[in-house]
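Before reading on, please take a moment to look over the sequence and the fold together. The paragraphs that come after the display are meant to be read with both in view.

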Amino acid sequence: MVKLLNKILNLEKLPTLIVSLLLLILATIIPVSSVSATGVYQMPNLDTGNRTFIVDDADVLSRVTKNKLNNTLENLANLTGNEVRFVTIRRLDYGETADSFTEKLFDKWFPTLEAKANQTLVVLDTLTNNDAIRIGDAVKIFMSNDITQSLVNETIQVPIRDGNKYNEAFLAASDRLTAVLSGEPDPGPPDIKDELSAQVAATFKSAEETNDQSATVLVVVLLVIATVVPMATYFWYQSFSG
């Protein structure tokens, strides 16, 4: 490292204090940059049948949420054989995307088609709040492409867009996946239309409120006219008489 810097910056011509500071800064920055990003190789080794359903590497889920998710997903696995795993990470390696990371992790944990068959993997990068999903062939019987995309784009993303509500997002995703993978009707994503309607209702005044305000303004205007006009007439008359 010192030889490389010497070639780039010609350290021999710099004061000793500056050289020391440069080396100290580099020694501090380089380890942090490598540790803060998460690669597939840093994920724990899991396989089919493993009872680890939550890997909260980003540490955004509460203990209560993790317990609920684990219990729900373990019951689902026991009853149906379908296994769902949620993974959160703080930041992806340079050049990695949520989709590419999820694909690689899916292959790492379940290397064969048989191992992948009943698996569902959902990954969220909390730096960008981008998420991705991968499912096995047996899961596709229950989950259409529309449901799969709706799960990551709506069920998870709506609570996250509403103030990074990660706990709410994953609990909603767990409930929806449990229903669908148990052969029950799809409960669907959060009702975005209702949320938008509530926002519009809070932004715009009702017709009654508008009418009340208009009536108030009219009364004030009439009072001003009733006060100003006689006074103006009086002063005009006095000036004309004089």
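The structure shown is a predicted model, and its protein chain contains 10 helices and four strands. Followed along the sequence, these elements come in the pattern α-α-β-α-β-α-α-β-β-α-α-α-α-α. Of the 242 residues in the protein chain, 33% are buried. Among the contacts in the protein chain with a separation of 6 or more, 62% are made by residues 24 or more positions apart.

The four strands form an open sheet in the order β1-β2-β3-β4, and the pairing within this sheet is mixed. Because β1 and β4 stand at the edges, each with a single partner strand, one side of each is left without a neighbour in the sheet. From one strand to the next, the twist averages 10 degrees. Helix α8 packs on this sheet, where it touches β2 and β3, and the direction of α8 makes about 160 degrees with that of β2.

Strand β2, residues 83-89, runs parallel to β3 and is joined to it by seven bridges; in one of the pairings, isoleucine 89 has aspartate 125 in β3 as its bridge partner. Strands β3 and β4, by contrast, run antiparallel and are joined by six bridges, and here valine 122 stands opposite isoleucine 133 in β4. How many of the residues of β3 are buried? The strand is mostly covered, with seven of its seven residues buried. Gln119, Leu121, Val123 and Asp125 point one way from β3, while Thr120, Val122 and Leu124 point the other way, and all of these residues are buried.

Two packed helices are described by the angle between their axes and the distance between the axes. For helix α6, residues 145-155, and helix α8, residues 166-181, the angle is about 160 degrees and the axes are 10 Å apart. The angle therefore makes α6 roughly antiparallel to α8, and α6 passes α8 in a right-handed crossing. On the α6 side, Ile147, Ser150, Leu151 and Thr155 meet Ala169, Ala172, Ala173, Arg176 and Leu177 of α8. The residues of this contact divide into six nonpolar, two polar and one charged.

Most residues other than glycine have a negative phi, and most peptide bonds are trans. Aspartate 59, although it is not a glycine, has a positive phi of about 55 degrees, and this residue is found in the loop between β1 (54-56) and α3 (63-80). Asparagine 129 is likewise not a glycine and has a positive phi of about 60 degrees; asparagine 129 lies in the loop between β3 (119-125) and β4 (130-135).

Is aspartate 59 buried or exposed? With a relative accessible area of 55%, aspartate 59 is exposed. Asparagine 129, at 16% relative accessibility, counts as buried, because the cut-off for a buried residue is under 20% relative accessible area.

Key:
Residues numbered from 1 in each chain as written. Predicted model: local features only at pLDDT ≥ 70, side-chain atom pairs only at ≥ 80, totals over all residues. Heavy atoms only, no water. Axes fitted to C-alpha atoms, helices over the stretch in contact; angles between N-to-C directions. Helix = DSSP H or I, 4+ residues; strand = E, 2+ residues; numbered from the N terminus. Parallel < 35°, antiparallel > 145°, perpendicular 65-115°, else oblique. Left-handed = near helix turned anticlockwise from the far one by under 90°. Contact = heavy atoms within 4.5 Å. Nonpolar A, V, L, I, M, F, W, Y, C, P; charged D, E, K, R; others polar. Buried < 20%, exposed > 50% of the residue type's maximum accessible area, 1.4 Å probe, protein only. Pairing = 2+ DSSP bridges.
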